Structure formats: structure tokens, C-alpha cells
Amino acid sequence: MVQLCSIEQAVDDVLARLPAHIHMGLPLGLGKPNLFVNALYRRIAGLPERQLTIYTALCLGRPSLGDGLQKRFIEPFVERVFGDYPELDFLADLHRDSLPANIRIEQFFMQPGSLLNSAPAQQDYVSSNYSHAARDIYAAGLNLVAQLLASSSEHPDRLSLSCNPDITLDLFPMIAKRRAAGETVLLVGQVHTELPYMPGDAEVEIDTFDLLIDEKDNSTLFSTPNMPVGFQDHFIGLHASTLVRDGGTLQIGIGSMGDALTAALLARQADNVGYRELLADVNLSQWARLIEREGGIEPFAKGLYGCSEMFVNGLLVLADAGIIRRKVYPDVQTQQQANAGNLDEAAQTDGISVHGGFFLGPRSFYERLRELPHSKRLEFNMTRISYINELYGQEELKRLQRLDARFINTAFTMTLLGAGVSDQLQDGRVLSGVGGQYNFVAQGHALHDARSILLLRSWRESGGDVSSNIVWEYGHCTIPRHLRDIVVTEYGIADLRGKSDAVVIEALLNISDSRFQQGLIEQAQKVGKLPKDFRLDPRFTDNTPKRLQAIAARHPNLFPEYPLGCDFNEVEKDLLRALNWLKSKFKLTEILELGKAALDAPEASLYPEHLARMQLTHPEGLKEDLFQRLLLTGLKATAQ
């Protein structure tokens, strides 16, 4: 029988019923009950005779305010968007390297790039596949699970795991086994008033929880605002969209490259003529046979089924557009009938169009889920991660559902031999984590008609330094080269599956930036991986941003800056564009360089609203005068 209690009473009960060392599992991302976690954390920090180990991932914190121009821009935005979101106290201590001696935080995935310089976070990182997280947490001695929940007046005896059934559902049978052996394992829940109630597998009986905090959380939900999509990412999304097969299965991740893919799929459906004209301008003749065999460029007559560990905003947008609409069914016989086209109309109403493990997104995403009728939300089945990320367990059914699957993920570096890097720097510091990327790459090889696709920006620019993201070697890899499959950059597609090293190298050279091709060729030749007389096909020697920007200018409607909506106003869009340009072009710590950059600043009278937003209408002193001129320079350079 569930016990209703306050947060402090829940802490009291946990301390009274559990041993000295509490092993607490928390959902990754949005599903953490931060208010309870903070109360327990503070209490145990003052009890040196007790210990607390927290097992979790993706601890969400407001973006760093930074200083200078960045702070002036981001501080008002953060206040508006994140409101009274309760930060995790332990996250602040991780950033300061000041965790109490009796508390540890073990994560298997970090908010990307946020804890690079945190010694305790780096030392207690656990490199584990997402599908193995429940197993590893359980083996560590789990005796407490705390979770944010959703409720519904229509279902007073039930709760929804909402955004995070992913690991919790996998833990339930393990917890039952531990309890059957006489151990105490407590489940603590708190309802959040704004969390969408997701029916289906995410629904549980209210008595599933031992302690239910009777103070509903009505604070601001953490959100991930849509960021601008640049021309590089748009071309990546365009190329990848041609590999998605009608009637197939789609998995995508969060970020601007995923948003770009969504935008291209929307164009393929709603503006097919314009979409084809853009493809013709880009010239995909080199990959025409691959596209015909594996993908397509026609609108979606059958629709897609979404099977993604993360139910991202893009999948919901694609569902609203009628692209994600192919349904799958919970038993083999019904699924076989559906695949054969023999399912009657009545049976089709019970199908699922998206299986997701967790969700996180912009505010508009949560609002859209909340406003959907219950019957429509039933099509989006939030479920356990083992169902989505692995084939074993109901394998026959999963193979029938996951037709022509395209598992599309991102990397920040590829080696010329086909290894992918997405989680860790070569010095050992973890940017994020493996998450489920390996799971989907493995499925891409295990399913007979599936492909794993890694999206990659071929080059990057920071502080005026331009470098290639395709390199000869790197000190770490997330996806080993024996699992290489398809790689997509803004310059095209490399089909690496089953190819020899020399062919792989050439395919990746074909989609690398031309500024770096000769150096890469020489490195491969030096160790005998390319013939001494190798010459790159002339078709790929003009892989330049200038060429792509010219193409984009001829098709402006297909390159929206915010294809999935935006939390920024028009002035903020201009400012963000300018600030990103400044960051890419100049080392913001070098005063002399910045002074030279500001010489060509336009008149302040041209941008009164922008200067007012940044509190630079009337600069005081040399520093603010430089800030104003730099900002004006960036606004001029990025004016649309």
C-alpha cells in the first residue's frame, strides 16, 4: 500500500528503513525528482556515518552563463526559459569538485561537454551501454529508486512513468527478485503537474511505489531549446534523408543534425518538387544506386515507424506531418498480418507508431504531448530500454516490426579507416557517454535490411582555426571500424560496409572537406594504405563551404534556420547568429585580435534593439565599448 508523505517525511522513512549505505537509482534526464533528491543529499551530507551512492545519467543543469557577451545574451534567456527549475545540488558540487566525502555520483552518460573538468565526475563515470545500465545499477546494490511521475484525473489509481520508463521498467523484475530474498528496496515517486501522462507500458499501479510525495511539483520542467540549424547540418540532413526508406523504421537523436534530417524529410513529403530540385543541384549521381537500393526520394506513401531510445521532438513533428504513421503490433501473428497488408481496419487502431525509452525536448514538445487526446498518445508507447535497444527478447516480433530500419546517430570525429568517435576525447575525458549508440549500430548489422548511419560535420572552426573531423587516427573510438557502415557528411555519403580499407579510405576522402584531402591522402600513402599513384576523383575536389553556400542560396525555402520552432525572439536570433560567428572566427581571449576585428563595426544606430537587449546602448568604459563594437561586427557579418 502506497504511503503519502511530505518530502522530509520521505527522507526520514528512507533513512530509517535502509542500511547505512544507500544505493539510489535515478532516471536519466528529465525524470529525476530533484526536490526529493536535494533533500536526501543535504541530509546525508550532514550524516558522516551514512553513505550515499547515486547511479544515474544525463543530469540536467541550466547552461553556463559564461562571461562577457555570452553572459549578457544568455542570462535573460535562461531566466525566461528555465524559470524556477530546481537545480540538482550535487551537480553544482560536481562542478566545484566539492562533493561530500560520503557521497558519490556514478553516471553512464553526461550532459554533453558539461563535466569535462570535473575530477569526481570523470573518475566515477561508468562506461556502459544504455541497455546494460539496469543490470549494472542492480549489481551495484540498488536499494532505492526515486522517480518523477505524471498523474491523470481519468486514471486516479494509476501513475505514468511518463518521460522515463526506460530503465525503471527493466529494474522492476530485478527489484522483485531482491525483495523476494528479504531485502528492502524502496520506490519513491513525486508527481509533476506539467509532465505529460503517457499511457501504455509507462502506466503503473499507484501501489507500485512505497512512498508517494503528496506535494506535487509544479516547478518549470527542464527543456532543451531548439538551436539554429546551419548550412552544414542542413546538407547532412539532406543526404541522410535520401537513405530513409518508405515503409521502414527510423531512429534519430537530439541536436541540430537530427533537426536537419527532420527538416529534409518534411520537405521530401510536403515539397517534393523543390526537394528533388535541390538534390539535382547538389548532384547525387555518385550515390544514385545506393539511394535507389536503400532509400528513396519520393514522398512517404506507407509512412515510417519510429523506434528510438529517445522520443525526440523531431519524431513528434514527423508524426504530426503524417510521415511517422506506420503502426506495429504487440504479437507476432498480428504483425505478420500487418506486414502482409491483411490487417483489418478495426485491428489497426491498436497499433503503435513510436516506441520510445525516454523523452526530453523544448517546451513546445511537452505542450504538444499534453494536448494530444488520449487515443493519439496511445500510439506513442514509452517503454523499457531493453525492448528498443536490443534484439534479444521477443526477437521474432522485433524483426517483424523493424523493417528497413535506419539507425541514424552522430559522431564528432571519424578516422579514415572508419572508426567513429562520439563520447570521449583521446586524452580520456568523457564528453557524454556511449549511451545507446553501440546498441543501434549493432542492430544495423544484425537486421538483414537495416543500416547504421553516422552523421558527421566534415570540418569545424573555433577561434579562427579550421580543422578536419575526418582524421587519419584518433586515440579513442566509440564505434570500432569493424562495425563501419554508412557515414554522411555535408558533402555526401560513404558506404563502408564490407569494403576493403583502400575503398573505405577513398569513400571517406570523397566526403571530406577539400582543404584537408591532400594531407589525409599522404598519411594513408605513408603507411601503405593507398597506392602511391592514387588520385582523388575530380568530382570531389571542390568539397568547399563556398560551393554549398551557393547551392543553399538558390533554394532558401529548404534551409530554415529553426525548422522545428524556436524559443528565441527575432532580435535574439540575430544576436545568437552574431555571437556564434564571433566565437568561430576569433579567440575571445586575445584582446589585440578582438580590437582588430572591431575596426569595421557598423554604426550603433543600425541595431538599437540588439544593443538594448545586450545592455550596450550606452557602453561605459573601454571594455563595454569593445563589446559593443564586436557585437556590431558580428551582426553585420551575419545579417540575413
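This note sets out numbered points on the cores, helices, cavities and selected residues of a predicted model.

1. Nonpolar cores. The largest nonpolar core comprises 147 residues, and Leu250, Phe311 and Phe359 have the most contacts inside it. Helix H3, spanning residues 68-82, gives the most to this core, with 7 residues. Apart from it lies another core, of 38 residues, including Ala39, Leu94, Ile105 and Leu115.

2. Surroundings of Phe311. Leaving aside neighbours within four places in sequence, Phe311 is in contact with Leu316, Val354, Gly356, Phe358, Phe359, Leu360, Phe365, Leu369, Phe380 and Met382. Phe359, a member of that list, is also named with Phe311 among the residues that have the most contacts inside the largest core.

3. Helix H10. This helix covers residues 272-282, and its buried residues are Asn272, Gly274, Tyr275, Leu278, Leu279 and Val282. Viewed down the axis of H10, these buried residues fall within an arc of 165°, so they line one face of the helix. In general, residues three or four places apart point the same way in an α-helix, because there are 3.6 residues a turn. The face of H10 turned away from the buried side carries the exposed residues Val273 and Ala280.

4. Packing and end of H10. H10 is followed by Asn283, which has a positive phi, near 75°.

5. Helix H19. In this helix, residues 437-446, the buried positions are Gln437, Asn439, Phe440, Val441, Gln443 and Gly444. They pack against strands E10 (249-251), E11 (305-311), E14 (405-410) and E17, and against helix H17 (385-389).

6. Largest cavity. The structure holds 3 cavities of 30 Å³ or more. The largest contains about 100 Å³ of space. Its lining is made up of 14 residues, and the closest to its centre are Leu30, Lys32, Asn34, Tyr85 and Leu148. By class, the lining has 7 nonpolar, 5 polar and 2 charged residues.

7. Second largest cavity. This cavity has a volume of about 60 Å³. It is lined by 14 residues, of which Leu454, Ile479, Leu483, Arg484 and Asp485 lie nearest its centre. Strands E17 (451-455) and E21 (486-489) each supply at least two residues of the lining, which by class holds 9 nonpolar, 3 polar and 2 charged residues. Strand E17 also takes part in the packing of the buried residues of H19.

8. Ile22. This residue is located in strand E2, residues 21-25, and is buried, with a relative accessible area of 0%. Neighbours within four places in sequence aside, Ile22 is in contact with Val14, Leu15, Ile44, Arg50, Gln51, Leu52, Thr53, Asn143 and Leu144. The C-alpha atoms of Ile22 and Ile54 are separated by 8.3 Å, although the two residues are 32 residues apart along the chain.

9. Phe412. This residue lies in the loop between E14 and strand E15 (413-415). Its relative accessibility is 25%, and Phe412 therefore counts as partly exposed. Beyond neighbours within four places in sequence, Phe412 is in contact with Val421, Ser422, Asp423, Gln424, Leu425, Leu431, Leu456, Arg460, Asn469 and Tyr474. Phe412 and Gln424 are 12 residues apart in sequence, with 9.7 Å between their C-alpha atoms.

10. Asn510. This residue lies in helix H20, residues 501-510. Asn510 is buried, with a relative accessible area of 8%. Not counting residues up to four places away in sequence, Asn510 touches Gln286, Leu536, Phe540 and Asn543.

11. Aspartates with positive phi. Most residues other than glycine have a negative phi. Asp97 has a positive value, near 55°, and is found in the loop between helix H4 (89-95) and strand E4 (103-107). Asp404 likewise has a positive phi, near 40°, and is found in the loop between helix H18 (395-401) and E14. Are these two aspartates buried or exposed? Asp97 is partly exposed, with a relative accessible area of 41%, whereas Asp404 is buried, with a relative accessible area of 15%.

Conventions
Residues are numbered from 1 along each chain as its sequence is written. This is a predicted model: local features need pLDDT of at least 70, side-chain atom pairs count only at pLDDT 80 or more; totals for chains, interfaces and linings use all residues. Side-chain values use heavy atoms; hydrogens and water are left out. Buried means under 20% relative accessible area, exposed over 50%, partly exposed in between (1.4 Å probe, protein chains only). Helices (H or I, at least four residues) and strands (E, at least two) are DSSP runs, numbered from the N terminus. The arc is that of the directions from the helix axis to the C-beta atoms. On a 1 Å grid over the protein atoms alone, a cavity is a set of points where a 1.4 Å probe fits but cannot get out, and a pocket is an open set with protein on both sides within 12 Å along at least five of seven lines; lining residues have an atom within 4 Å of a point. Grid points are joined across faces, edges and corners, and a volume is the space filled by probe spheres set on the points. Ala, Val, Leu, Ile, Met, Phe, Trp, Tyr, Cys and Pro count as nonpolar, Asp, Glu, Lys and Arg as charged, and the others, Gly among them, as polar. Contact means heavy atoms within 4.5 Å. A nonpolar core is a set of buried Ala, Val, Leu, Ile, Met, Phe, Trp, Tyr and Cys residues joined through side-chain atoms within 4.5 Å.
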